[in-house]
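These are my notebook entries on a single structure, set down in the order in which I looked things up.

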Amino acid sequence: MTTAPASKARISKAVIPAAGLGTRFLPATKATPKEMLPVVDKPAIQYVVEEAVAAGLSDVLMVTGRNKRPLEDHFDRNYELEEVLRHKGDEKKLSKVQESSDLATMHYVRQGDPRGLGHAVLAAAPHVGDQPFAVLLGDDLIDPRDPLLMRMTQVQEELGGSVIALMEVEPEQIHLYGCAEAAPTEEGDVVKVSGLVEKPDTEEAPSNLAIIGRYVLDPAVFDVLSKTEPGRGNEIQLTDALQTLAENPSLGGPVHGVVFRGRRYDTGDRGDYLRAIVRLACEREDLGPEFRDWLRDFVGKEL
């Protein structure tokens with residue numbers, strides 16, 4: 001059997017799965033994609049694209065589904081709105097409107113049947129080809145002051161194979177995440193992954209290292225995904241494919257993890273979404289001072 005060498009080419013493409021229905025945010029997501037829900041004054045998806053671009057990945061493929069046309073519209077030009085703002089002389093708002101359409105070279109493909117994250121990643125194969133690529137999930141927003149994705153691409157370029165983002169969580173929370181079995185390396189923030197399990201029971205989890213929504217993947221993952229049977233939730237799990245690669249490095253290189261200890265904003269459920277808005281608003285130079293004063297007053301008087 002011919003083995004696939006670990007790819008160490010320069011990474012330039014990012015894949016953003018965005019086909020989910022967003023049922024946890026109903027009724028807001030009945031007609032509006034969850035990725036378009038605002039986090040302060042930008043939709044969540046824009047933060048994710050900005051992160052990819054900041055890491056040097058200017059070619060972005062979004063894997064979408066039905067009712068996701070607003071995503072395409074957001075990253076396209078709106079000439080009528082631009083002309084209205086230009087006529088009013090509102091250069092500040094005009095710049096904000098044009099910012100999203102000038103961010104990156106955007107591409108779109110429909111997933112079709114929503115059969116899990118692994119299936120969504122597999123839909124990117126024709127666009128990605130035989131080069132390593134990044135996958136960014138929209139529920140996790142990473143603070144730009146903590147360049148996780150850039151670090152992951154560095155590790156992949158040095159070591160080949162695939163790299164996943166990991167975060168230490170409380171043991172009682174590990175059942176909410178994919179979980180990694182890993183050993184330390186000479187680099188303090190890098191571990192060698194030997195096993196992965198999707199949302200294990202707390203007593204069966206191999207560690208407290210949770211997988212968060214950033215991956216840098218060897219293209220060999222596509223061949224593995226095409227042969228991966230549905231797993232948890234009767235969906236094709238990316239975690240299962242990475243488990244195969246971790247067990248069989250000859251298929252496409254090893255799997256490493258970068259342990260992230262920076263600032264992460266979870267927008268995956270309603271409570272965390274609200275907390276993310278408050279944290280980001282507090283840190284904004286234009287909103288923070290006044291908003292923090294109001295928040296202190298509100299907490300002191302109302303709570």
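**Entry 1: a helix pair.** I began with the crossing of α3 and α4, which is left-handed. The contact between α3 and α4 comprises four nonpolar, one polar and three charged residues. I note here that the model is a predicted one. I then looked up the geometry: helix α3 covers residues 79-88, helix α4 covers residues 91-101, and their axes come within 8 Å and cross at roughly 160 degrees. An angle over 145 degrees counts as roughly antiparallel, and α3 and α4 are therefore roughly antiparallel to each other. For the residues involved, I listed L81, E82, L85 and R86 on the α3 side, which meet K93, L94, V97 and Q98 of α4. I recalled that an α-helix has 3.6 residues a turn, so residues three or four places apart point the same way.

**Entry 2: R214.** I located R214 in strand β11, residues 209-217. Is R214 buried or exposed? I found R214 to be buried, with a relative accessible area of 0%. I next asked what the side chain of R214 reaches. The backbone oxygen of D140 lies at 2.6 Å from that side chain. The side chain of R214 also makes a polar contact with the side chain of E51, at 2.7 Å.

**Entry 3: helix α9.** I turned to α9, residues 238-247, and found this helix mostly covered, with seven of its ten residues buried. The buried residues are L238, T239, A241, L242, Q243, L245 and A246. I then looked up what covers them: the elements include β11, as well as α5 (117-122), β8 (162-168), β10 (190-198), α8 (220-226) and β12 (255-259).

**Entry 4: backbone exceptions.** I kept in mind that most residues other than glycine have a negative phi, and most peptide bonds are trans. I found a cis peptide bond joining L26 and P27, with omega about 5 degrees. P27 lies in the loop between β1 (13-17) and β2 (38-39). V40, although not a glycine, has a positive phi of about 65 degrees. I placed V40 in the loop between β2 and β3 (42-43), and V40 counts as partly exposed at 25% relative accessibility. K199, also not a glycine, has a positive phi of about 45 degrees. I placed K199 in the loop between β10 and β11; at 35% relative accessibility, K199 counts as partly exposed.

Note on methods: Residues are numbered from 1 along each chain as its sequence is written. This is a predicted model: local features need pLDDT of at least 70, side-chain atom pairs count only at pLDDT 80 or more; totals for chains, interfaces and linings use all residues. Side-chain values use heavy atoms; hydrogens and water are left out. Helices (H or I, at least four residues) and strands (E, at least two) are DSSP runs, numbered from the N terminus. Buried means under 20% relative accessible area, exposed over 50%, partly exposed in between (1.4 Å probe, protein chains only). A polar contact is a pair of N or O atoms within 3.5 Å; within protein, one must be able to donate a hydrogen and the other to accept it, and residues adjacent in sequence count only if both atoms are side-chain atoms. Axes are lines fitted to C-alpha atoms, for helices over the stretch in contact, and angles run from 0 to 180 degrees between N-to-C directions. Angles under 35 degrees count as roughly parallel, over 145 as roughly antiparallel, 65 to 115 as roughly perpendicular and the rest as oblique. A crossing is left-handed if the near helix is turned anticlockwise from the far one by less than a right angle, and right-handed if clockwise. Contact means heavy atoms within 4.5 Å. Ala, Val, Leu, Ile, Met, Phe, Trp, Tyr, Cys and Pro count as nonpolar, Asp, Glu, Lys and Arg as charged, and the others, Gly among them, as polar.
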